Amino acid sequence: MRLSLVRNVGTVAVLAVLFAAHTQIHSQSGWGAPPPESASSIPTAQLLQPEELNHLLHASGADKPLVLQVGSHMLFAQAHIAGSEYAGAGSQAEGLKQLQDRVAPLPRKSFIVLYCGCCPWSRCPNVGPAFKLLRDLGFTNVKVLYLANNLGSDWVDKGYPVERGR
Amino acid sequence: MSADARLRAVHRLVMLGALLLAACFAASVTRSTSAAESLLNKKAPEFTRTDFNGARVDLASLRGKVVLLDFWATWCASCQVEMPTFVQWQRDYGSRGLQVIGISMDDDPASARRITTKFHLNYPVAMGDEKLGELYGGVLGLPLTYLIDRNGKVRAKFQGETDLKTIEKQLNALLAEH
């Protein structure tokens with residue numbers, strides 16, 4: 001009886017893992033490799049989970065980061081993280097210039113959080129170049145918000161604070 | 001209750017728990033289709049736009065057709081993967097009543113026009129804006145595709161990278177409705 005129990009639970013667990021692996025592989029097949037400087041190039045240690053940022057937004061003083069959206073301005077206008085600023089699309093030269101101008105007066109130890117949320121994480125063309133720019137400029141306390149799917153499902157739908165407008 | 005019966009009851013409970021855990025785990029790695037569903041089975045929000053060829057796109061005038069409404073952008077790699085298939089569907093299913101409409105959510109119309117030319121899009125493409133996005137429940141991530149039936153009702157929503165066969169299956173079902 002106990003052996004049967006262990007065997008059945010084990011079978012369910014293996015099936016779940018196989019199904020998950022199949023889903024992942026299937027969802028990635030046919031879409032090609034992620035482009036260079038994709039979000040996947042950002043070190044895991046520099047990523048911030050949505051719940052962590054939500055917690056930080058309620059902090060005060062020095063713990064509160066400057067939050068910059070580095071993706072589409074049209075998406076920003078529909079919804080953006082409360083208190084965040086639009087800083088230009090990281091995938092475009094003029095967008096990076098806008099970001100550079102925004103951070104120019106800031107101390108290099110400033111706590112900055114970048115986010116986009118335009119597309120599934122590995123497909124985002126914006127956060128990778130924006131993160132690289134800030135790192136190249138010497139900023140040492142930059143995090144990137146990890147939005148697995150997009151801003152809608154990973155932030156707005158979870159009830160985290162949102163604002164509208166440009 | 002005998003010891004054997006108790007053991008069987010525990011067995012059933014553990015199996016149920018394991019199945020629930022497996023379902024949760026599988027769901028957590030499966031991309032979400034048909035997410036918010038707020039527009040599902042409701043009348044599609046009407047809009048009019050001028051497409052890149054200067055023609056008027058009026059959703060209300062497309063009653064009687066099945067509309068595939070594709071929100072896309074040049075910075076959305078997945079969107080561009082879908083485009084050749086949408087071109088093919090417009091060619092194959094147009095005579096059965098399909099009308100694909102592309103809405104670019106780019107900030108810059110010039111780059112959207114370039115992609116339209118590059119992919120030889122054979123369906124109308126117009127620029128979107130935040131108002132149109134909000135009408136459709138907020139376009140807060142791409143790709144985003146809606147299927148609208150011949151009566152102007154939203155019948156499906158696909159958010160994120162989607163198996164195109166899934167869309168095609170639903171599309172064919174809608175085309176078969178009269």
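Modeller: Happy to! In chain A of this predicted model, residues 24 or more positions apart account for 72% of the contacts with a separation of 6 or more. Chain A has six helices and seven strands, and from the N terminus on they follow the order α-β-α-β-α-β-β-α-β-α-β-α-β. Of its 166 residues, 37% are buried.

Now to your pair of helices. Helix α4 of chain A covers residues 93-103 and helix α5 of chain A covers residues 127-136; their axes come within 10 Å and cross at roughly 40°. Because angles under 35 degrees count as roughly parallel and 65 to 115 as roughly perpendicular, α4(A) is oblique to α5(A). Their crossing is right-handed. On the α4(A) side, the meeting residues are A:Leu96, A:Leu99, A:Gln100 and A:Val103, while α5(A) brings A:Pro129, A:Ala130, A:Leu133 and A:Leu134. Sorted by class, this contact holds seven nonpolar residues, one polar residue and no charged ones.

Beyond its neighbours within four places in sequence, A:Val127 is in contact with A:Ala39, A:Ile42, A:Val70, A:Gly90, A:Leu114, A:Tyr115, A:Cys116 and A:Val144. Within the largest nonpolar core, which has 79 residues, A:Val127 is among the four that touch the most other members, along with A:Leu114, A:Tyr115 and B:Leu142. Strand β3 of chain B, residues 66-72, gives the most to this core, with six residues.

Conventions. Residues are numbered from 1 along each chain as its sequence is written. Chains are lettered from A and ligands numbered from 1 in the order in which they are written. This is a predicted model: local features need pLDDT of at least 70, side-chain atom pairs count only at pLDDT 80 or more; totals for chains, interfaces and linings use all residues. Axes are lines fitted to C-alpha atoms, for helices over the stretch in contact, and angles run from 0 to 180 degrees between N-to-C directions. Helices (H or I, at least four residues) and strands (E, at least two) are DSSP runs, numbered from the N terminus. Angles under 35 degrees count as roughly parallel, over 145 as roughly antiparallel, 65 to 115 as roughly perpendicular and the rest as oblique. A crossing is left-handed if the near helix is turned anticlockwise from the far one by less than a right angle, and right-handed if clockwise. Two residues are in contact if their C-beta atoms, placed from the backbone, lie within 7 Å. Ala, Val, Leu, Ile, Met, Phe, Trp, Tyr, Cys and Pro count as nonpolar, Asp, Glu, Lys and Arg as charged, and the others, Gly among them, as polar. A nonpolar core is a set of buried Ala, Val, Leu, Ile, Met, Phe, Trp, Tyr and Cys residues joined through C-beta atoms within 7 Å. A residue is buried if 20 or more other C-beta atoms lie within 10 Å of its own, exposed if 12 or fewer, and partly exposed in between; C-beta atoms are placed from the backbone.
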